[in-house]
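Student: I would like to learn how labels are given to parts of a structure. Can we go through some, one by one?

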Amino acid sequence: MLCATSRFLAATALRAQPRGRGPAPRCRRRELHFPGHPELPLCDFLTGQLGRPSVPAGRRAILRRGRMPPAVGGGLAGSELRVRRGRCGSQAARAVGPDVAVEAAARSHKRPAPGSRHFEAAGRWALLALVTLLSFATRFHRLDEPPHICWDETHFGKMGSYYINRTFFFDVHPPLGKFCASLGSLLVPFAYLTVLELSKSLPAALLTAALLTFDTGCLTLSQYILLDPILMFFIMAAMLSMVKYNSCADRPFSAPWWFWLSLTGINLAGALGVKFVGLFIIVQVGWNTISDLWHLFGDLSLSLVTVGKHLTARILCLIVLPLALYTATYAVHFMVLNKSGPGDGFFSSAFQARLSGNNLHNASIPEHLAYGSVITVKNLRMAIGYLHSHRHLYPEGVGARQQQVTTYLHKDYNNLWIIKKHNTNSDPLDPSFPVEFVRHGDIIRLEHKETSRNLHSHYHEAPLTRKHYQVTGYGINGTGDSNDFWRIEVVNRKFGNRIKVLRSRIRFIHLVTGCVLGSSGKVLPKWGWEQLEVTCTPYLKETLNSIWNVEDHINPKLPNISLDVLQPSFPEILLESHMVMIRGNNGLKPKDNEFTSKPWHWPINYQGLRFSGINDTDFRVYLLGNPVVWWLNLLSIALYLLSGSIIAVAMQRGARLPPEVEGLSQVLLRGGGQLLLGWTLHYFPFFLMGRILYFHHYFPAMLFSSMLTGVLWDTLLRLCAWSLASSSLARGIHAVGIVSLLLGAAYSFYLFHPLAYGMVGPLAQDPRSPMAGLRWLESWDF
Amino acid sequence: MLGFLQRPVVVTADINLNVVALTALGLLSRLWRLSYPRAVVFDEVYYGQYVSFYMKRLFFLDGSGPPLGHMLLALGGYLGGFDGNFLWNRIGAEYSSNVPVWSLRLLPALAGALSVPMAYQIVWELRFSHCAAMGAALLVLIENALITQARLMLLESVLIFFNLLAMLSYLKLCNSQKHRPFSLSWWFWLTLTGVACSCAVGIKYMGVFTYLLVLGVAAVHAWHLIGDRTLSNVCVLCHLLARAVALLVIPVIMYLLFFYVHLVLLCRSGPHDQIMSSAFQASLEGGLARITQGQPLEVAYGSQVTLRNVFGKPVPCWLHSHQNTYPMIYENGRGSSHQQQVTCYPFKDVNNWWIVKDPGRHQLVVNSPPRPVRHGDIVQLVHGMTTRLLNTHDVAAPLSPHSQEVSCYIDYNISMPAQNLWRLDIVNRESSTEVWKTILSEVRFVHVNTSAILKLSGAHLPDWGFRQLEVVGEKLSPGYHESMVWNVEEHRYGRSQEQKERELELHSPTQMDLSRNLSFMARFSELQWRMLTVRSDDSEHKYSSTPLDWVTLDTNIAYWLHPTTSAQIHLLGNIVIWASASLATVVYVLLLCWYLLRRRRSICDLPEDSWLRWVLAGALCAGGWAVNYLPFFLMEKTLFLYHYLPALTFQILLLPVVLQHISDHLCRSQLQRSLFSALVVAWYSCACHVFNTLRPLTYGDKSLSPGELRALRWKESWDILIRKHQ
């Protein structure tokens, strides 16, 4: 607490006099900002309380000054704490008396008024315990209902079982989330502690805790096997540890400092490991760290070496440590999932070589391509698959009515092709012929093994990509026409070189039209079995879509070599799986005519998400935020922006604010600013995302918004109370305000709790339903 | 009073001959042989057709940008007396004699020419030397890509012109701010900033980036103004208000004005009518208006209507049914109800007619007086030609198995009762008893038994459904979506009792009274929304490129090739300028970081005023480059080299700034300074040489031999056209 006060002082001094060096003007400034108790010897007081004897006085002071901690205790809150601890003079007590009363009143319904320091600390712990307990109680109440799978549980539950069977799979989210169980209950105490640290005000923290405990949305989300509670846990934990380490900023390199710093890093790794949404909290911590370093750097009393140490410490704890942990998660992921499974085809040939059960695992195949080899050809672009053909024709009206050529993600005997010379149809595997290798620049023919048709292209437009040419299977038993001739080229190699299996990146150039064989990545309609379109593109741009590699290779006349040399290194695996994940994530696009959740729906709680049950006989759970809480949050953001800009403009105009207001506005601007930044970072990027979005994506942002609400209302009520300080009414305002907000949240939870704990019976449109009066928006369907 | 009589009237004029000379050079370089080639060059084929539409006043919809740019080009056509009769179908097509090529290309060329003296002015207003300002202008003058783009009927040069104008007028404002705030010239520049910004936005959406940059810089300056304690509160408030009006209100009004003029000009129905809502179409002359003119407004029981889906994607279509039934078994083995198909059909057809029926009565004609249908009423919809009733039930739809099948009910006498009652839900109602109006009302049909909503799923049915669009009953997600909303387009009161007569009646055109009035704001918001959401179908082009290719000029665009010789026009930049501008940006950023770090440690390398100058120049020029370039990395549309030109212009402005800075502050001795100047002169002559070498490709006036062309291919990736047989 005291440490926070000092930081506040430091910050105000910084703001008021950025380039001041000597301690004397700083002291003067401090007094300026505390005219309520001007004779308090703050400088001495602070150094006495906080300074470590080993640090020279001047440097110590600057250490504190040179930072811009987001967590700045209000002068009001700080002094009031001093009152409770009995360390301040009576002047201070007089100055802040009403507020102490206010706060005591605010707390009185929760715990007895503190008598001594012991009681105080105990009460504090008891309050935390109470908050935690309440949170656990709400989250664990009726946890085992419904006994069937809800919504995304299908998805994540399935993945859990994959881990158990060690089958390789592919998912759009990083793996850590599936290891964990529900952590949603801890969110509330974390939020409580964060707000307490930022605002130094118990009522604000309590209000936040109540908002989150009584939010039906958070509650519902925490009760199911989903990734979101785990993600939110790490986000909140990272935020909390960041705030904590900010408050240790006056004791750099001390044990708690290191502890919180590295804990921040660990939590960042966790957040990113669960979902990519974790990136946003990383941005927030990064921003905080950069501004922190910037202030340290501008502190002329610190030598460059010290700044360098600070920088190194942060790089170690916030970059190296999380990266190492994140990579380790992947190492575990890849180690556990070392068997071949349904996700193989998404990955490159080399990647598959490490999966046991895959035909490339421990395989040995001939190294150089020769005429007569039976091969599979894989597109280098992730998640496109193998060149494929089957005994089905393109439908009428789609180019020439010849056999379809597609790409297919799964292994299948229809993926096999034979390389033949373009001009002879003799069997090159005849032992009387010598082995002839295929070389870069050769003219070849690719014959489909199952149907004996040649890979063919001509001037007909491709089925989906109209500007490309159609690719078909043509000819009978290998006899076709000159449109079956392709020039095989290795990218970035000289003419005449042999072509290596797996490693050579090859292109097929159609001889007659000059176009390049490629896959557009578009899904064919039903007639094409929803495989991907193969085209011949006249644009000779070098994109991965038109580059292929040979994967399987069968040629009895050639010696086999082991593929183990091809095994990719760990960084390559890591990179590749990320590329595949990003593509997969971007591939989740909504269709035109479907109703999808839009980001602007979320803060206004426009529509929820059905977790289970539709009809009136079902057990229904509906993910919807507690509208009272959410609309309060929305209002608070608007109010915050308003009050924040008023204060900022007033300060910029050089208005002399009274010390109480000054302290409160510091809390509002700095603490609230951090939270607003968190909300912005976790909300607005969704507007740019093209993938399908769901209501539950808003919940991390909602946590920040609730914390902001706590800070804002506490501060506003205190400001209100302060402005009415003369009248007797003022004493009660803060207490009454906070209590009514708490009770409001609790009562609305009582009203809306069936959403989370489940409802049976008629739908809410029906006047007989118990929820009948609660369908405040027509778009809610429970 | 009569003071002017006592003193002579004196006009003193300062004429900066530099500016005059630069303007002349700019005009010369941009206007020289402007009407050559007399053929459609590259995107002229695209803009030209819109010019023709303006000339013929046909309505069109173009998603590429707001209408100001097209209107400016059309203005050129109007001044040249173009009648709009030209078939814009092929690049390289010869212009017929009625096309005033010179005047069509004049405005972009003028804009390009004026950019040259403006570059001079901007660097000068940034408080750098005349020498630097001249340098900037001369660089803009000999940049081949800017010349090519300005000499054709394209919009980039106009966009660049307004970008520079916005910046210049803001700088003028800043400089007059110190001495004479609220003077006439102050107001003039302030307003001009807003106007130029809105014009930039009005030409291409890209202009928004420059607008935001100007707004950002203005906000920072305003924040300093707030912190300026020598000003009174009232004064600060006046400053802020003036800025808010000029930079926020004026651009909005101007933007609306562009659309107003656009809509006034395009008053006839044209090729893109179908995309717009019925109400919008009805406001155009001809087209739907001709049909709907005189329709009854209020839908009554017994009305014959066609129902159009409001969402209109993938194609605009009308609720439709026909004799054919759903197949018993689909390809994938699922079964259907085998009842009559209900689809959405993108063409006008007699089978699109439905009759609104009161479930309580049997008659299919309108009573007199007509009984209007209101919000919340239960109706049945009878298909006009087959007299079957619109029905949905708990059977999976053919292509969207999560939704219900919609059919016209056939009683097979099996245990599948008719469920043909629909509750009318008027979405855009103002009161709960509002009457269902033709064209204006947007309605949903909520099924009474299952509360499913009639919806266009967007999927195309297979052959058995004649590839028409699938219509389903959506039960799962009843959130508001336009694909569930329908409106009455054609409407008449049914008079015929007998089916035969009724069929005749359905075939005959509608004739009755309807007052139509759609406000400008409604038309504007619909048009703007459609423009933003209209999707360009194909996203590949031979000359498309990625933003990374642009910085190093790894790509070019072949604009035009002479039909017989190898004279050709390319969009190809002056690579020396291109490379040094990129280099200058890097140098600027590095130097800025270095200075910032040093200043943080209280080491000030630069005097305060030159530091401020340096930062402002960077914020505007390097910032202008960044905001006009970096967003392209996030865009998914097809990108071309010419998208980089606005960013490049800002980068070129930064170049002399950096050079002067190096000469002033980094060259320690006079000798170094002279050496540096010599280097700069050598470098500029080099740039001139490159300009001269690439000139045939810029103007396309000289046919080069294949050998010369091959020699010009300095980069592997440049695609210069070489004729095989000559």
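Student: Why does Asp273(B) count as buried?

Tutor: Look at its relative accessibility, which is 6%. Buried means under 20% relative accessible area, exposed means over 50%, and partly exposed lies in between, with a 1.4 Å probe and protein chains only. The value of 6% is under 20%, so Asp273(B) is buried.

Tutor: A word on the source. This is a predicted model, where local features need pLDDT of at least 70, side-chain atom pairs count only at pLDDT 80 or more, and totals for chains, interfaces and linings use all residues. Residues are numbered from 1 along each chain as its sequence is written, chains are lettered from A and ligands numbered from 1 in the order in which they are written, and side-chain values use heavy atoms, with hydrogens and water left out.

Student: Where is Asp273(B) found?

Tutor: Asp273(B) sits in the loop between helix H11 (233-265) and helix H12 (278-282) of chain B. Helices (H or I, at least four residues) and strands (E, at least two) are DSSP runs, numbered from the N terminus.

Student: Which residues does Asp273(B) touch, not counting residues up to four places away in sequence?

Tutor: They are Phe59(B), Gln281(B), Leu284(B) and Gly287(B). Contact means heavy atoms within 4.5 Å.

Student: What makes the pairing of the Asp273(B) and Ser269(B) side chains a polar contact?

Tutor: The distance is 3.1 Å. A polar contact is a pair of N or O atoms within 3.5 Å; within protein, one must be able to donate a hydrogen and the other to accept it, and residues adjacent in sequence count only if both atoms are side-chain atoms.

Student: How do you know whether His578(A) is buried or exposed?

Tutor: Its relative accessibility is 15%, so His578(A) counts as buried. This residue lies in helix H17 (residues 570-587) of chain A. A polar atom of the His578(A) side chain is 2.8 Å from the backbone oxygen of Leu574(A). His578(A) also touches Phe276(A), Tyr326(A) and Tyr330(A), leaving out residues up to four places away in sequence.

Student: What label does Arg127(B) get for its relative accessibility?

Tutor: Partly exposed, because the value is 42%. Arg127(B) is in the loop between helix H5 (101-125) and H6 of chain B. Its phi is positive, about 70°, although Arg127(B) is not a glycine.

Student: Why is Ile439(B) called buried?

Tutor: Its relative accessible area is 6%, so the label is buried. Ile439(B) has a positive phi too, of about 65°, and is not a glycine. Its place is the loop between strand E8 (422-426) and strand E9 (443-447) of chain B.

Student: What makes H2(B) and H6(B) roughly parallel?

Tutor: Helix H2 (residues 17-31) and helix H6 (residues 130-141) of chain B pack at about 10°, and their axes are 10 Å apart. Axes are lines fitted to C-alpha atoms, for helices over the stretch in contact, and angles run from 0 to 180 degrees between N-to-C directions. Angles under 35 degrees count as roughly parallel, over 145 as roughly antiparallel, 65 to 115 as roughly perpendicular and the rest as oblique. So H2(B) and H6(B) are roughly parallel to each other.

Student: How do the residues of the contact of H2(B) with H6(B) divide?

Tutor: Into seven nonpolar, four polar and one charged. Ala, Val, Leu, Ile, Met, Phe, Trp, Tyr, Cys and Pro count as nonpolar, Asp, Glu, Lys and Arg as charged, and the others, Gly among them, as polar.

Student: At what angle do H18(B) and H19(B) pack?

Tutor: Helix H18 (residues 608-629) and helix H19 (residues 645-666) of chain B pack at about 155°, with axes 8 Å apart. That makes H18(B) roughly antiparallel to H19(B). The residues of their contact divide into 14 nonpolar, seven polar and no charged.

Student: How many of the residues in each chain are buried?

Tutor: In chain B, 54% of the 726 residues are buried. In chain A, 58% of the 782 residues are buried. Chain B has 21 helices and 14 strands, and chain A has 22 helices and 16 strands.
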